[in-house]
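Below are some notes for a colleague who has not looked at this structure before. They are numbered so that each point can be checked separately.

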Amino acid sequence: MHLINNKLKSLSIIALGLALILLPALSQAQQFRALVISKTSGFRHQSIPEGVAAIKKLGQKHRFQVYATEDAGQVNDKNLESYDVIILMSTTGTIFNAEEKAAFERFVQSGKGVVGVHSATDTEYDWPWYTKLIGGQFNHHPQQQTARMQVVNRDHPATYHLNDKWLRTDEWYEFKNFNEDVNILVQLDETSYEVGERNGNKMGMGAVHPISWYHEYDGGRVFYTGLGHVEEAFEDADFLDHLYGGIWYAALGKPF
């Protein structure tokens, strides 16, 4: 009997220890699940590891679950049932096959979200559905430099915290085949930086040069930010709040 009592006490101590370990995890229920894809078949940005690590830290801070992969095969109907948002972290080139594209479309059509960071617009040029979803296609960028942005819509989670003007150093994209139906959040002021040239012709998009936007598309929600080329972006509090606001919107679709 004494031996049995000792075993019961030991089991009770173990159970108590497990409860103490699991209690914080149980009390920190996850709001949503994010699948981060950073596959590239073109240029590969040096900032991808920092970007993925930053989203994982955002997940810890804001209580959402993150799974990061370079495997486009994760984009299938069964797997995507578990996720609320796909985050394309500086993807480039053609990264999905036909089956994966179809699963991606069904994911969006089911009412879920997509977030594109930086070169997500330098991705899947031959997939018209994707071009409209992400909002446009990369066309040109000058050298990395400081530019002034105008926050034209502060009534969105990605811009609540920003002032009307935002000064940052990054690689500034301009776009072609732009989807005019998106809702622009932030624009570049082309008078504040050198837009560069191509074949002797001055580049730029003019007075309206979007660099971040959101919209609803084919049943789902989409947020894009053109920032994030430089590694330092993922250490900047304003940018991280901008990024998380977009993730939160795309993942949950709550009123804002």
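Predicted model: local features only at pLDDT ≥ 70, side-chain atom pairs only at ≥ 80, totals over all residues.

1. How many of the 16 residues of helix 6 are buried? The count is 12, so helix 6 is largely enclosed by the rest of the structure. The buried residues include Phe239, Leu240, His242 and Leu243, and the list goes on through Tyr244, Gly245, Gly246, Ile247, Trp248, Tyr249, Ala250 and Ala251.

2. Helix 6 (237–252) also takes part in the largest pocket, where helix 2 and helix 6 each supply at least two residues of the lining. The volume of this pocket is about 180 Å³. Helix 2 gives the largest share of the lining, six residues.

3. Which residues line the largest pocket? They are Glu50, Ala53, Ala54, Lys57, Leu58, Lys61, Phe234, Glu235, Ala237, Leu240 and Asp241. Sorted by class, six are nonpolar, five are charged and none is polar. Leu240 is in this lining and is also among the buried residues of helix 6.

4. Turning to the rings, a search of the whole structure gives 19 aromatic pairs. One of them joins Phe32 and Phe64: the ring centres are 4.6 Å apart and the planes are at 15 degrees, so this pair counts as stacked. Phe32 is in the loop between helix 1 (2–27) and strand 1 (33–37), while Phe64 is in the loop between helix 2 (48–62) and strand 2 (65–69). The two residues are 32 residues apart, and the pair links distant parts of the chain. Both Phe32 and Phe64 are buried.

5. A second pair to look at is Phe178 with Trp213, which is edge-to-face, with 4.9 Å between centres and 85 degrees between the planes. Phe178 lies in the loop between strand 8 (174–176) and strand 9 (183–188) and Trp213 in strand 12 (residues 210–217), so the pair ties together parts that are 35 residues apart in sequence. Phe178 and Trp213 are both buried.

6. Two further ring features deserve a check in the viewer. Phe96, Phe104, Trp127, Trp129, Tyr130 and Tyr217 make up one aromatic cluster. Elsewhere in the list of contacts, the charged end of Arg33 sits over the ring of Tyr83, at 4.6 Å from the ring centre.

Technical notes. Residues numbered from 1 in each chain as written. Heavy atoms only, no water. Phe/Tyr/Trp six-rings, centres within 6.5 Å; stacked < 30°, edge-to-face > 60°. Helix = DSSP H or I, 4+ residues; strand = E, 2+ residues; numbered from the N terminus. Buried < 20%, exposed > 50% of the residue type's maximum accessible area, 1.4 Å probe, protein only. Lys NZ or Arg CZ within 6 Å of the ring centre and 35° of its normal. 1 Å grid on protein atoms, 1.4 Å probe; cavity = no way out; pocket = protein on both sides within 12 Å on 5 of 7 lines; lining within 4 Å. Points joined across faces, edges and corners; volume = space filled by probe spheres on them. Nonpolar A, V, L, I, M, F, W, Y, C, P; charged D, E, K, R; others polar.
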